[in-house]
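Dear colleague,

I am handing over the structure below for your study. Please look through it first and then read the notes that follow.

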Amino acid sequence: MDFRDSPAEAEFRARLRAWLAEHDPGLPTSSTDDEYWARQAEWHTSLYDAGFFGLSWPERYGGHDLPPVYDVILDEELAAAGAPPRPSLGYLVQGITVHGSDAIKERFLPGIISGRDRWCQGFSEPDAGSDLASLRTTATRDGDDFVIDGHKIWTSYSDVADWCFLLARTDPDVPKHKGLSLLAVPMDQPGIEQRPLRMINGITSEFGQVLFDGARTPAANMIGEPGEGWRVAMTIVSHEREPGELGYVARYAKTVKELESTVRADPGSFRSDQREAVSWAYVQTEMLRLHVCRRLSERLDGIDHGPGGSIDKLLMTWVEQSVGAAALDVSGPAAVTDADDVALKIYLYSRAQSVMGGTSQIQKNIVATRILGLPTG
Amino acid sequence: MDTRDTPEQAELRRSARQLARDLGPATVGDLDDATRTKRLSVAVRDAGWLELRHDGGDGAPLASGVEAAIVADALGGGVADTAFAGPVLAADLARRAGAAAGDGAVVAFPFSLTTPALVDGARTTAPLSAVDVAGDHDRAAYVVVPEGPGYRLAQVALDGAPAQGSDLTRSVRVIPAGAPVQEVMRERALTADDLAGWTALGLALTSADLVGVMRGVLDVTVAYAAERRQYDVPIGSFQAVQHLLAEAHCLMEGSLSASLHASWAVDALPPEQARTAGRVAKAYCARAGRTVCETAIQVHGGIGNTWECIAHVHLRRALLSSKWFGDAGEQLRGLERERLGHAGVTDGLS
């Protein structure tokens, strides 16, 4: 057991730190500002071009074939520099890597990793949230294409996406989990309409609704086999629940660092409960950082695509909401007198964490039945 | 960076858990089985675990904080009713002072249980508590005496000190005020760094014990929820019960991640940083440990509130491990002093 950098890791950290010192993108915290999302592609590309993104992914697709724990170093240094978190794409890479053919991997992975192609994920629908398998969007075979009709919602960054990772029903005559397939769908076409959603903290560039009305994609863009869509989706969501894959520790650590600076600058004006909220947020964030160290170290024994991500998701949710609560507490009256207060936006955004990627209640069902082995009702 | 156990650490983890499972109490009634308790104590001693923090010959301990925490975690998991952390912490303090660790010696604590007892005079002036004393033997309890910028190691006798304490698996004995302070042969004064490093070990061991207690009580409780039937189905099939246990399991996993780091930090980081790592782990584990044990009692229902149900043995052990070296509130205050400035509180020995 060793939490220390190896010589190679230390060299990487020093190189990354030096690069960050000269390439501060000056972007706001991702969860609170539309400007971040407008310039996120630019951040992704600059991080990738400098050799600091896709660290553990295969070199042939643009990665660096490094051990997974390098992402811990990346997250730590991004937080220390006050830089934005790394792009959260690992779960799509995992889904394509596990289920895609070689041709699909060659075709899509390099663009995802480099940031040249922007992707969104079309899973949830207005009537298919936690019960995802009941989704009704259809993909109907028509010659060499599939024709897509339906309505997706909570589709993050759909308005800037080049591609949609779409879960659709390709066979209506089999049980609901078995009739689904996964398709890569180009977003720039006439049969697709975007309807942005405004989140409770005011940002408009994250969530969207996407309406498909006769949109088309070649059948060759199917990821996995026909009817394998549920399994592909479960691989993706299990990794979408892992802070190690998402890189959110950097975002939490950056906020905690800012809260600590605020209190330290004028310690006398903060009550003991405000101080405790900040120190508890620090403890939570440290716990999550160390949990990610542990999880990514465990990957040296092989990547687990099972239900463990649900544990990590619940831990991450408690951390994000502790950090959000601390921001609100430290902000004091400004959170209600100023609608643009950043702390207010951080707090409001944190409420989404117990819903996105599967609600906390769904995660607890998974932990109870699939990890603890409790009987299903 | 590779936080996995080495093969040796994995083997120690496996064998320590096996021993705790085989010889620890499976029921509350087992606590009265003196033959079993004796076998457990002898097995822990024979395994050499009480000597993990003895001087390895070069001033460094025989084993790192990681190994000591692996054993603490295993013994907590089995609510093993034998001394471990007490003697190990005493040996670590003696080693730092260049003294030979007394057989079965422990450390005397003031009421706060967070620092070694500080004594300035020929006799103690307040009651002290010796925590995790081995058996009924009368042994020595270490105290520290101010000396120049540091501290001198000394001891008081445990003669006839009455056993007290809420933990049914580990003994706390109270040394009344007025106990004579005896010299200890030692080579060095203890520095503030020594005490910070020693505190880091205490925080790591109590955190690891809490992780073990959480795992142990959850194993018992998950099994109970799968067996106990109401409305003709196992209570573990109800989401209300499932969600309580799922939350508890996550708290245990997060606690493990923080406590592993604290145990590694004991010997790998400078003392003050190691103590900070210990505070982070302890703050998390102490809060989580109490919640998890309370959940276990709730899931056991009425029977969980009876003396016969083993869940309170876990809760009681968690309460001692939480307060020993300071509970979550104590750790958060310490982190605030380190990270948020001022607050006008002096740091004292910790």
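**Leu245(B) and its surroundings**

Leaving out neighbours within four places in sequence, Leu245(B) is in contact with Ala368(A), Leu372(A), Leu374(A), Thr221(B), Val222(B), Ala225(B) and Val299(B); two residues are in contact if their C-beta atoms, placed from the backbone, lie within 7 Å. Please note that this is a predicted model, in which local features need pLDDT of at least 70 and side-chain atom pairs count only at pLDDT 80 or more, while totals for chains, interfaces and linings use all residues. Residues are numbered from 1 along each chain as its sequence is written, and chains are lettered from A and ligands numbered from 1 in the order in which they are written.

**The nonpolar cores**

Leu245(B) is also among the residues with the most contacts inside the largest nonpolar core, together with Ala108(B), Ala141(B) and Tyr142(B). That core has 186 residues, and helix 5 of chain B gives the most to it, 18 residues. Apart from it lies another core of 42 residues, including Val93(A) and Phe212(A). A nonpolar core is a set of buried Ala, Val, Leu, Ile, Met, Phe, Trp, Tyr and Cys residues joined through C-beta atoms within 7 Å. A residue is buried if 20 or more other C-beta atoms lie within 10 Å of its own, exposed if 12 or fewer, and partly exposed in between.

**Helix 5 of chain B**

Helix 5 (residues 192-227) of chain B reaches 52 Å from its first C-alpha to its last, close to the 52 Å expected for its 36 residues (1.5 Å times one less than the number of residues). Of these 36 residues, 29 are buried. Helices (H or I, at least four residues) and strands (E, at least two) are DSSP runs, numbered from the N terminus.

**Where the chains meet**

The contact takes 42 residues from chain B and 42 residues from chain A. On the side of chain B, helix 6 provides the largest share, 16 residues.

**Strands of chain B**

Strand 1 (residues 106-109) of chain B runs parallel to strand 3 (residues 140-147), joined by two bridges; Val106(B) has Ala141(B) as its bridge partner there. Strand 1 of chain B is joined to strand 2 (residues 128-133) by two bridges as well, but these run antiparallel, with Phe109(B) opposite Ser129(B). Two strands pair if DSSP finds at least two bridges between them.

**Chain A as a whole**

Chain A has 14 helices and eight strands, and 51% of its 377 residues count as buried.

With kind regards
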